[in-house]
Amino acid sequence: MGARLIIVEGLPGSGKSTTAQLVYDILRDRGINAELYSEGNYNHPADFDGAAYFSSENFDALMRRYPRSEDLLCRIKSRYCGGYVIPYRKAIEEDHISFEKELFEEITRNDIYELLLDIHIDLISSRWKNFTQSRIDEDKVYIFECCFIQNPVTVTMIKANFPKDVTVNYINGLAETIAPLRPVLIYVEQKDIKVSFKRAVQSRPKEWFEGFSNYYLNQGYGYDNGLKGFDGVLKVLEERNSLEGEIYDSLKLIKYRIDNSDFNPEVLSKQVDSIIRQGLQL
C-alpha cells in the first residue's frame, strides 16, 4: 500500500471539498479503509478547531477566577504539551455545555489559532507529530481537507502578514513530520480566481462573505495594504494564491495539481481516480 494520508488543498471556491469527498468515495468503492476529515471538524486528529490552550499556571489561574466553573473546566480539559487544551466548540456543540460569558470570552482569546505564532506552531507541529507516530502502522488512508496549507497560510499571512519564508518554513516542517505516512498532496486550482470566488459567494449565505471579508480585510495582509470591499478580498486571495504556489513548488512530497476551472464532475472524478491509483500504487 502507498500513501496513508491524502491532503486536499486549494483556494475558497476551487472545489476542494468536492474533491476531498471524491477521494473518500473512490477509496471506499475500491474497498480501502478510509476516513475523511473536512474543514472545520473539531474532532480532527492532526489539527485543532475551536480549541483553546492554557499553560498549567494559566489554567490554575483561570479556575481561581471562575470557581463556579471549576468542575466543568476540569471535566473537559485534556493534558497537552505541558498545559491544557479546552475544546470549547466540541463542548458546546456536542455536549451542549453553556459557559459563563466572561469565561467564554477568556477561553476564546486563547484559541490555538489566536496564540503567539511560536506557541501556535509548537502546538500544531506536536499535534501532527503525534498523529503521524500513531498512524504509521495503521491500515487506513486519511483524507484531510485544507489543514496542511490553508490553515498555516491563514494564521501567518492573512492574520499577521508575516514574511513569506515564515509560512514556507512552517509548512515544510509539517511536511517533514508527516513523511513516514507517504503523503500525497492534491492541489485544486482555478484559472480565474475572481470567477470561482464569485461563484462561491453566490452559492453561500450572505453571512459567510461578511465573515470572510472581515477576517481577510481587517487584519494582517489586507489591513496592512489598506484593502477594502470585494476587490480587496480578491487582492488578498491573489496574493495567497501566489504564496501557495511557492509553497507547492517547495514541498518535497508526492503532489498533483488539478485544474477544476470547468467544474466538470466527470473530468474531476477521472483526475482524482488517476491520482489515487498512482499515489496508492493500485
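A disulfide is taken here as a pair of cysteine sulfur atoms within 2.5 Å, and by this rule the count comes to zero. The sulfur of Cys147 sits 6.4 Å from the closest cysteine sulfur, that of Cys146, which is too far for a bond. For Cys74 the closest cysteine sulfur belongs to Cys81, and at 19 Å that is also too far for a bond. Burial is scored by relative accessible area, with buried meaning under 20%, exposed over 50% and partly exposed in between (1.4 Å probe, protein chains only). Cys147 is buried at 4%, whereas Cys74, at 35%, counts as partly exposed.

The model is a predicted one, so local features need pLDDT of at least 70 and side-chain atom pairs count only at pLDDT 80 or more, while totals for chains, interfaces and linings use all residues. Residues are numbered from 1 along each chain as its sequence is written, and side-chain values use heavy atoms, with hydrogens and water left out.

On to the sheets. Helices (H or I, at least four residues) and strands (E, at least two) are DSSP runs numbered from the N terminus, and two strands pair if DSSP finds at least two bridges between them. Five strands make an open, parallel sheet in the order 2-6-1-7-8. Its edges are strand 2 and strand 8 (254-259), each pairing on one side only. The twist averages 15° from one strand to the next; for such angles, axes are lines fitted to C-alpha atoms (for helices, over the stretch in contact), and values run from 0 to 180 degrees between N-to-C directions.

Within this sheet, strand 6 (residues 141-145) is mostly covered, with five of its five residues buried. In a regular strand the side chains alternate between the two faces of the sheet. Strand 6 is covered on both faces: Val141, Ile143 and Glu145 are buried on one side, Tyr142 and Phe144 on the other. Strand 6 runs parallel to strand 1 (residues 5-10), with four bridges between them, and Phe144 is the bridge partner of Ile7. Four bridges also tie strand 6 to strand 2 (residues 34-37), again in parallel; there, Ala34 has Val141 as its bridge partner. Further along, strand 7 (residues 184-189) and strand 8 run parallel and share six bridges, with Glu189 opposite Asp259. Helix 12 packs on the sheet and touches strand 1, strand 7 and strand 8, its direction making about 145° with that of strand 8; contact here means heavy atoms within 4.5 Å.

Arg182 lies in the loop between helix 8 and strand 7 and is partly exposed, at 36% relative accessible area. From Arg182 to Ile254 there are 72 residues in sequence, but 7.9 Å in space, C-alpha to C-alpha.

There is also an open sheet of three strands, ordered 3-5-4 and paired antiparallel. Strand 3 (52-55) and strand 4 (78-80) are the edges; each has a single partner strand, so one side of each lacks a neighbour in the sheet. Here the twist averages 35° from one strand to the next. Strand 3 pairs with strand 5 (residues 83-86) over four antiparallel bridges, and Tyr53 faces Val85 across that pairing.

Helix 7 is itself largely enclosed by the rest of the structure, because nine of its nine residues are buried.

Finally, the cores. In soluble globular proteins, nonpolar side chains tend to be buried together. A nonpolar core is a set of buried Ala, Val, Leu, Ile, Met, Phe, Trp, Tyr and Cys residues joined through side-chain atoms within 4.5 Å. The largest one holds 53 residues, of which Ile112, Trp128, Phe144, Phe148, Ile149 and Leu251 touch the most other members. Helix 12 (residues 229-250) gives the most to this core, with seven residues. A second, separate core of 23 residues includes Ala3, Leu22, Ala34 and Val184. Leaving out residues up to four places away in sequence, Phe144 has contacts that include Ile7, Tyr37, Pro45, Trp128 and Phe131.
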